[in-house]
Amino acid sequence: MTSVSGVPVTVPASAGPGDTRDRLLEGLNPQQREAVEYRGPALLIVAGAGSGKTSVLTRRIASLLASREAWPSQILAITFTNKAANEMRERVEALVGQKAEGMWISTFHSACVRILRREAEHFGFTRNFTIYDSADSRALIKRIVKDLDADAVGLTVSAVANKISKLKNELSDVESYARQANFNDPNEVMFLECFRQYTRELQRANAFDFDDLLAQTVYLFRAFPGVAAIYQRRFRHILVDEYQDTNHAQYSLIRELTRSPEPEALGPGDTNVRILDDRGSVPPASLTVVGDSDQSIYAFRGADIRNIVEFERDFPNTKVILLEQNYRSTQNILDAANSVISNNFDRKDKKLFTTIGAGEKIVGYTGYSGHDEAQFVADEINALHKSGIAYKDMAVFYRTNSQTRALEEIFIRSALPYRIVGGTKFYERAEIKDVMAYLVCIANPADPLALRRIMNVPKRGIGPATEAALQAHADRDEVSLRESMRSVELLGLGPKVTGAIRELVDLLDELTGIQEKTMVPNLLQTLLERTKYIDALRASRDPQDEARAENVEELLAVAKEFQRNNPGGRLLDFLTEVALVAAADELDDSSGTVSLMTLHTAKGLEYEAVFITGVEEDLLPHRMSAGEPGGPAEERRLFYVGITRARKRLYLSLAMTRSMFGDVSVAMPSRYLQEIPPELIDWRQSPGDATSRGGTQPRALNARREKFSYGGSLPPGPSATRPAIRQHEWANKVTNQVRDNGDLTLEKGDRIRHVDFGDGRVVDVTGAGTKRIAEVQFDTAGRKRLLIKIAPIEKL
DNA sequence: TGAGCGGGTTTTTTT
DNA sequence: AACCCGCTCA
C-alpha cells in the first residue's frame, strides 16, 4: 500500500484498474475531480449548496480504497446525521464493489460513543453507561435546582442547562470554570454548585449527556496518550462533512485525532509498521473537511464558523478547492439565494451558478392567518401533485415547531398525506420514555434517574414518600438506589409496598442478568408482560391511552427491526442507537408523503418543490435572534439554506396575523423578502394586497405598506383604483373549526356549504370509510379537497 | 396515594 | 392553547 507522507502530492497514483478510476471520476467537473484525487495532509473543500459535495466525498473515500492507499479500517468519515452516514456507506460500497468492513462512517456522537464504550473503564465509567438526552439532563438539573433552591438567585432550569451545555462545548469543566468564576456573585456561586452536583450525579449514574460524549472523548485522549495513540494510528484518513457546524469540542477531537501519536505511547506490540515514516514515527492522519460557511446555522449550540474560516491557518499545507457549480436548482432559485446571502457582510463572495436554466418564478403568497397560509400550501401541493410531482418530492419548512399545528390541521382536513420530520419525536413520548427507562435500568443498574421514572409506572403504590425512604437509605449506606431497593425488607415499610418493591427489583435484576444473551425484542416482550405496562394502558379510561399502548407496540416493532438489521446486537447497542437518532434519520425516502420540518432539519436535503412558510419578522428572523451577536446573519443563512433545498419550485409564504401563546398578533413581512429581486417573485397575493383591503385591519399593517415595494410583481394598478378587493379574494379566511359529520355521505354533483369557503359543488368523491375525500369546486374559493368526516360543511 | 383544579408559563433552532 | 406545577380533598 502506498505510504502517506507529509508532502502534498497530486495523485496520478495508480488508482486501481483504470476503469475503476474512470468510473469514480465519471460525470465530475474538474474541481470535483481534483477534490477526489488530491492527496496531502489537509484538504478544505468549500462546497456551495447543491455542488455535489456528498458525491465528491463518497468518491474520495472510494478512490482511497480502490487504489489500496487505505484499508477500510483506516478511514473515519464524520457526517451530520446517521442517515447520511448510512447512505454514504452504501454508496462507497457500491462504488468499490465490496463490503467495506471496519470503515467508520458515523456522526461525531456515534463515533464518540463507540470510543467511549471501549475505553470508559479508563476513567471511572463502565461500558454500559447511559446516554442522557436533553430531556434527561433537564430532569436531573431540575432536581438539583430544586434541592439547592437556585430559583432564589434567579437561576432557572433552562438557564443552568444551557450554560452547562455551552461550557462543555467549550471543553470547560467544573474546575476550570471555578478558577475564573466571580465568587462575589451569588448567582455564579450557585451555578457553580449546580454544575458541580450535576457532574457528580452523572458520574454516579454512570451516564454521559450529549455534550459529554464529545467532551469526555477529548478529555480521554488528552489524559491517556496511550489510548489516543490507538486511534491516531488507526485512522489514516479523516473526512468531516458540514465542517462549518463543528463546535470547539468537535474541532478539538479532530485535532487530537490528527496528531502524531507520541512515540512513547507506541506500545511494543505495535505491528502497524507499514505506516511508519523515515524517522520511525507515525505521521498524522490526512484530514479532509467539507463545508460552506454560508450554511452555518448551529452557532446556538456552539458551532464556531471560525473553524472553517481559519482552517488554512490551523492546518499547514492546506489545499483549498472551491465547488461553485450547482447541480440542483434553477437559476431563479439560485439568484434569489445569492442575493439574499450577499447581504451578509464579512463573507467570501461566492456565487452559485447552474446550467439548468431560469426555471419557474418563485411563488409568493400572503395569507390572512396561519391557517389561511396553510390552506394555500395545501392547495398548491394538491395542484403540484396533479401536475405529476410526487408527494415525497415536496417539503414544507418552517422556523419553529409550533408552526406545525396550523399546517397539520389543514393537511388533515385536506386529506394530504404528510409526515412531520422531527418535532415531538416518537422517542420523546412519555410512554416510550417509560419503557426505554426500564431498558436503561436493565442495562445500567447504577442509573437512578431511569429507576425513579419507572418506580411507580405502572402504578404499584410506590409514592414519593416511599421513594424518599429508599433514597435516604441509599445515601446513608452510600449505595445506589437500586441496591437500597434490594434490601427493602430492612426499611420497615408496609407489607404491600415492600412486596411491590421486591417484585420490581427482582424483575430488573433478573433481566439485567440475562441481557447479554437475550435478543432485544424478547427482553422487551418479557418486560412488558411482567410489568403489565400495556395492560395498564389498555385498562385506563383515558381514550388517549389506547394510542399510547399502540405506540409501545410500535416500539416493539422497532426493536424487532433493530434485531433484524443487527443480528448480534444487544440491549446496549439498541439503547445507543435510539439515543442518537436525529430528526433527519427518520426520513423514509420511499414514503409517499409530503415532509414537514424545521429549516434546521432541512439542511442537507433537497426536494423538487419547497415551501418556506412564516417568512415574517419575529419568526424569520426569529425574535430571539435579535439580541444575539450575529443572530440576524445566522437567520439569513437559515433562510438561504431553505431556499437552496429547492430543485424546481420554490414557494415563500407568510401570514398577516399569527397566533402565539393562544392569542393573535399582527405579523410583518420578513426583511429578507426585500432582499430578493422583485422580478423573481410571482406574488399570488402580496403583502401589499393583503394590507389594501381597507377597513378593519390594524393600523400597523397599513403603515407597513408604504415601506414595502414589491415592484413589478404586484397586480397592475394601484389598489385604490382597482374595484375594492372583493370578498371572495379573502374567501379563504380559514378558521380552525373542525366538526364530526358522522356518516354524512356526499355524491358527485351535491351542493354543499362550507363555513370558510362558502357554497360549492362536489366534483369527485374518493376514498373509503372515515377517509372519504370530497373534491369540491367552490363558487368563489377555488377547488379544495376535504375530508368529509371532519370538514365544517353541510349538504344543501 | 392519587385525582382534580387553578394558576403560571411557554416557543428558536438540535446531537 | 397546552403543559406543568403545586395544592387540596377523598
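A residue counts as buried when its relative accessible area is under 20%, as exposed when that area is over 50%, and as partly exposed in between (1.4 Å probe, protein chains only). The exercises below apply this and other definitions to a predicted model, in which local features need pLDDT of at least 70, side-chain atom pairs count only at pLDDT 80 or more, and totals for chains, interfaces and linings use all residues. Residues are numbered from 1 along each chain as its sequence is written, chains are lettered from A and ligands numbered from 1 in the order in which they are written, and side-chain values use heavy atoms, with hydrogens and water left out.

**Exercise 1. Describe chain A as a whole: how many helices and strands are there, and what share of its residues count as buried?**

Step 1. Helices (H or I, at least four residues) and strands (E, at least two) are DSSP runs, numbered from the N terminus. Chain A contains 29 helices and 24 strands.

Step 2. Chain A has 796 residues, and 54% of them count as buried.

Step 3. A contact means heavy atoms within 4.5 Å. Among contacts in chain A between residues at least 6 apart in sequence, 74% join residues at least 24 apart.

**Exercise 2. Describe the protein around each DNA strand. Which residues are around DNA strand C, and which come nearest to DNA strand B?**

Step 1. A residue is near a strand if one of its heavy atoms lies within 4 Å of it. Around DNA strand C stand Lys142, Lys146, Arg405 and Phe661.

Step 2. Ala, Val, Leu, Ile, Met, Phe, Trp, Tyr, Cys and Pro count as nonpolar, Asp, Glu, Lys and Arg as charged, and the others, Gly among them, as polar. The surface near DNA strand C therefore has one nonpolar, no polar and three charged residues.

Step 3. There are 24 residues around DNA strand B, of which Arg399, Asn401, Ala582, Thr598 and Met624 come nearest. By class, they divide into eight nonpolar, 12 polar and four charged.

Step 4. Sugar or phosphate supplies 67% of the atoms of DNA strand C within 4 Å of the protein, and bases supply the rest. For DNA strand B, 57% of such atoms belong to sugar or phosphate and the rest to bases.

Step 5. A polar contact is a pair of N or O atoms within 3.5 Å; within protein, one must be able to donate a hydrogen and the other to accept it, and residues adjacent in sequence count only if both atoms are side-chain atoms. A polar backbone atom of Asn401 is 2.9 Å from a phosphate oxygen of DNA strand B. An N or O atom in the side chain of Asn456 is 3.3 Å from a phosphate oxygen of DNA strand B.

**Exercise 3. What kind of aromatic pair do Phe80 and Tyr298 form?**

Step 1. Rings of Phe, Tyr and Trp (its six-membered ring) pair if their centres lie within 6.5 Å; planes under 30 degrees apart count as stacked, over 60 as edge-to-face and the rest as tilted. The whole structure holds 23 aromatic pairs.

Step 2. Phe80 and Tyr298 are 5.4 Å apart, centre to centre, with 40 degrees between the planes, and form a tilted pair. Phe80 lies in the loop between β4 (75–79) and α4 (82–96) and Tyr298 in the loop between β9 (286–291) and α13 (306–309), so the pair ties together parts that are 218 residues apart in sequence.

Step 3. Phe80 is partly exposed at 26% relative accessibility, and Tyr298 is buried at 8%.
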